Amino acid sequence: MLRKLLLTSSFLAFALQLSAQVYTIGTGTTPTTSTAITPYGTLYEDGRNQYLVLASELLAAGTGPGTITALGFNVSSLPSLAMNSFTIKIAGTSATALGSTFLSPTNPTTVMG
């Protein structure tokens with residue numbers, strides 16, 4: 001019985017690992033050198049940034065339809081100030097470009113913070 005349970009557990013762990021996919025948008029090799037335009041900017045201690053990832057970029061990276069379950073940024077150095085109340089939100093939008101004002105999507109989901 002124990003052997004059967006171990007085999008089942010191993011199979012489930014292997015199946016779950018296969019379902020996890022990582023897709024990279026951009027090269028992930030060019031660090032942001034500005035203190036303001038970065039996901040972790042602390043220039044004004046309360047800054048915010050907005051990124052628009054197009055469906056065409058996701059498809060070009062190899063994704064298909066489905067739910068985004070994780071998000072990551074490559075970090076080359078830590079910010080110089082504490083990041084109190086740091087939050088990441090994600091939402092769908094029909095926008096195809098960012099303008100000079102922030103988009104205000106309906107019902108963004110807080111995924112961190």
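A residue is called buried when its relative accessible area is under 20%, exposed when it is over 50%, and partly exposed in between, with a 1.4 Å probe and protein chains only. By this scale Ile90 is partly exposed, at a relative accessible area of 30%.

The structure is a predicted model, in which local features need pLDDT of at least 70 and side-chain atom pairs count only at pLDDT 80 or more, while totals for chains, interfaces and linings use all residues. Residues are numbered from 1 along each chain as its sequence is written, and side-chain values use heavy atoms, with hydrogens and water left out.

**Overall organisation**

The chain contains two helices and two strands, where helices (H or I, at least four residues) and strands (E, at least two) are DSSP runs numbered from the N terminus. Their order along the sequence is α-α-β-β. Of the 113 residues in the chain, 4% are buried.

**Loop residues**

| Residue | Loop | Relative accessible area |
|---|---|---|
| Pro65 | between H2 and S1 | 88% |
| Ser77 | between H2 (55-60) and S1 | 54% |
| Asn107 | between S1 and S2 (109-112) | 66% |

Pro65 and Ala55 are ten residues apart in sequence, and their C-alpha atoms are 9.6 Å apart in space. For Ser77 and Tyr40, 37 residues apart along the chain, the C-alpha separation is 9.7 Å. Asn107 has a phi near 55°, a positive value in a residue other than glycine. Most residues other than glycine have a negative phi.

A pocket is an open set of points on a 1 Å grid over the protein atoms alone, where a 1.4 Å probe fits, with protein on both sides within 12 Å along at least five of seven lines; lining residues have an atom within 4 Å of a point. The second largest pocket has a volume of about 160 Å³, a volume being the space filled by probe spheres set on the points. Its lining consists of Thr67, Ile68, Thr69, Ala70, Leu71, Ile88, Ile90 and Val111. These residues divide into six nonpolar, two polar and no charged.

Ile90, which lies in strand S1 (residues 88-90), also belongs to a nonpolar surface patch with Ile68, Val111 and Met112. Together these four residues have about 330 Å² of accessible area, computed by the Shrake-Rupley method with a 1.4 Å probe.

Methods: Ala, Val, Leu, Ile, Met, Phe, Trp, Tyr, Cys and Pro count as nonpolar, Asp, Glu, Lys and Arg as charged, and the others, Gly among them, as polar. Patches are made of residues with over 30% relative accessible area and no salt bridge: like charges are joined within 9 Å, nonpolar side chains (Val, Leu, Ile, Met, Phe, Trp, Tyr) within 5 Å. A salt bridge is a side-chain nitrogen of Lys or Arg within 4 Å of a carboxyl oxygen of Asp or Glu.
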